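Try each task yourself before you read its solution.

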Amino acid sequence: MVQFALVVIFGIPILAAIGSFAFGGRFAAGASTSGGVLTFAACLSLIGDGGEGKHLQLGPWISGDALSVVFTLVVGGLYAGAALYSVGYLAQHSGGHSKRFTRRYYLGLNIFCWAMVVAPLVNGLALIWVAIEITTVVSALLVAADGTESSAEAAWKYLLIASMGLGIALLGTIIAYAAGALASGHGLGIGFTPLFGVSRRMSPDMIRFAFVLAVLGYGTKMGLAPVHTWLPDAHSEAPTPISALLSGALLAVSFYAILRYWQLARIVVGAAFCRDVLLGFGILSLLLASLYLLSQRDIKRMFAYSSIEHMGIVAIGMSFAAPIAITGVLLQVLSHAAAKGTAFFGAGVIKEKMHTKDISKLSGGMRLLPWSGPLLMLAVLALSALPPFGIFRSEFMIVAGGLQDSKDVLAAVLIVFVTLAFLGISWSTTKVLLIPPEETEEPITNHFGMRSEGSPLSVLDRVDEDPSNRTFKNEPISERVETVGYPVAEEGTPDLPAYRARRGEISILMVVPMVVFISVLLLLGVHVPGSLAHLLSQATSELAGKVGVYHTMVGVR
Amino acid sequence: MFAPPSVLTSTAEVVAIVVLLAAFGMLRAPLITSQINLYRLQSLAVTALAVVVGATHGLVDIYILAVASFLLKVIVVPAVILSLLREADSDIAHSNVLKVPSMILVALVVSLFGFITVDALHLRSVTLPVPALGIAVAAILVSFVIIVFRSDVISQAMGFFSLENAVSMASLAVATAVPLVMELAFLFDLLVAVVAFGMLMRVHHRRTGTLSTDPLDRLRG
């Protein structure tokens, strides 16, 4: 059963990618959604074995434990959600993209998700690095998918900064293997077992250096301050399903890489050093993100800063010695993925509906979007750690861990900054969702000379149908709208007040993932299912150094 | 008692110095074509080290790595960049954020920092050429300086490729520690990265009509 699940996880996304590229269109949408759902189902099937502490192995290159399963769940869930959401999103985003675009988009989406879902299941620090580097290259191209100047700028910054970070992480990887080779006196295999096998004899100085490099390098991808600067740009400019994957899954996978170094370093140099390093990055991230959240004008950018805040929280959580804090961190990773997926999906619906991300121009979300509005509000409440959602439980556990560890001041600091972030995010979201929409008395015919029907993009479709306007097909929306003489409030943001008043969802396919994720958040907050609780407990023990498939196999405790 | 250095140690140290000097050269090179030629030299040196490592340790497989490294880094990557340069019809000069002497001073400081940091690790090994590792770390930091202080997309990409060369050098210096499959994976990854960098550089040039990164200032806050 385990082997079958691993084959599905490693194989299905690749098949979906190939099928999407080969056939495009509806087949690509169907294949990607099916691929996501099947992959997630395979991840779910690993919960029981992971919780029992079994070594999940398939050949020499694939290996996992409870910790791996926690992170595959995060990626698998978001993969399924983002693939489903993409179907409605692409249909709406530009009135139906060209088949060529759809092929490329789904090819990138599936490979991106494949790289993320296999990263926690590959056997060795080197292979983790390779998987995460693949995510960078593919996701950078996806960030630029809209073809606007802003998205190209965001993609370039992301590719460059993340590649630099991964260069540092690669050096850390090499030093870790060099330390292993020096300890063993001969060459090492690529997997975890040989590396952990000689961990007791490794040079502490080398492992300290490797750990710091890994935190700095993977921390760049995880969004830890001060190496987070690519994150707000990429999250805000990427197509919405990609934003959700970047925020909920990619940051988590990068965190997973750091945790593997954590496991090695705590054996060689002790846990105190690792905690201090993560604490520094965590506090800085939380502080910066909380302050930036108070002054955000772009709704997607605001959620990007919220991601930095949550990564700061998990870094601080790992700095508390109490096991309850580590369990809280793992639960936080799961809950954050569900909440941030919902938040970005909701923000994406609002952006598509109102054609702007500018918070000052957004209002009436609750009235205009009968499902997405309330769901986004629930996601914001969840992100703000209010009960009864999963993040309340996880942050409560982290704070409890801090108090148990006699780090009262740190726990208090965490609460203060989380409250500050809550203030910023709730202030903006309340305005977007609860303030009544601006009414317009101007009929749409004043601008277009035609009657208002359907979405603004249906108007653009009609423009496209005009043979004289065929060249618009491959141009960004802003350019098309400008060409037909519609007033543009700012570049890329057509001001379409008449459409704002139109109540209704864009697509049911964009709502379903949000409903599922909010349900998951409620479940995690009210009652964590027994098998999942066992999984989290087992993963906590592995991180705390009490058990672990790689440790016990080589007799290291 | 002083022992004469082995062939591997000597070669690794010479190659490390070539990689570092080439990185300095790329930092100050006024023309992109000069940067590309320096990158070729750097890559050739790393390939030579791979051959020596293969011969010293009797690792036949590592010759495959040397051939792949030569084909990719000495031929394919420069060809891709040069084709983009022809398409853009410009060979940017003076894309420095600081003046050349200031950049060199910054690079000297960071490279010294890198070398001293590795030295502080007190690595002692009869099998690994430790000084080469220190020089490689210094070259990595100089590559960062290229990325930070050169304000055009091609120089920044070349900085990343130089960084990759320095890391490859470091991994070859500790070749017995790093499995061959990892080296090949890095090369594959470089190939993919070149494609991504190339595509984004094209997008940037089409959008802005320049290779300079100065227009990339829309996203703030």
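Predicted model: local features only at pLDDT ≥ 70, side-chain atom pairs only at ≥ 80, totals over all residues.

Residues are numbered from 1 along each chain as its sequence is written, while chains are lettered from A and ligands numbered from 1 in the order in which they are written.

**Exercise 1.** Work out what secondary structure chain B has.

Start by counting DSSP runs: helices are H or I with at least four residues, strands are E with at least two, and both are numbered from the N terminus. You get seven helices and zero strands for chain B.

**Exercise 2.** Find which helices of chain B supply at least two residues each to the side touching chain A.

First, look for contacts (C-beta atoms, placed from the backbone, within 7 Å): 38 residues of chain B are in contact with 38 residues of chain A. Next, sort the chain B side by helix, and up come α5 (130-149), α6 (153-173) and α7 (180-208). The largest share, 13 residues, comes from α7(B).

**Exercise 3.** Decide whether Leu84(A) is buried or exposed.

Begin by locating Leu84(A) in helix α4 (residues 66-93) of chain A. Then recall the cut-offs, with C-beta atoms placed from the backbone: 20 or more other C-beta atoms within 10 Å means buried, 12 or fewer exposed, in between partly exposed. Leu84(A) has 22 such neighbours, so Leu84(A) is buried. Finally, check its partners beyond four places in sequence, among them Thr33(A) and Pro513(A).

Conventions
Contact = placed C-beta atoms within 7 Å.
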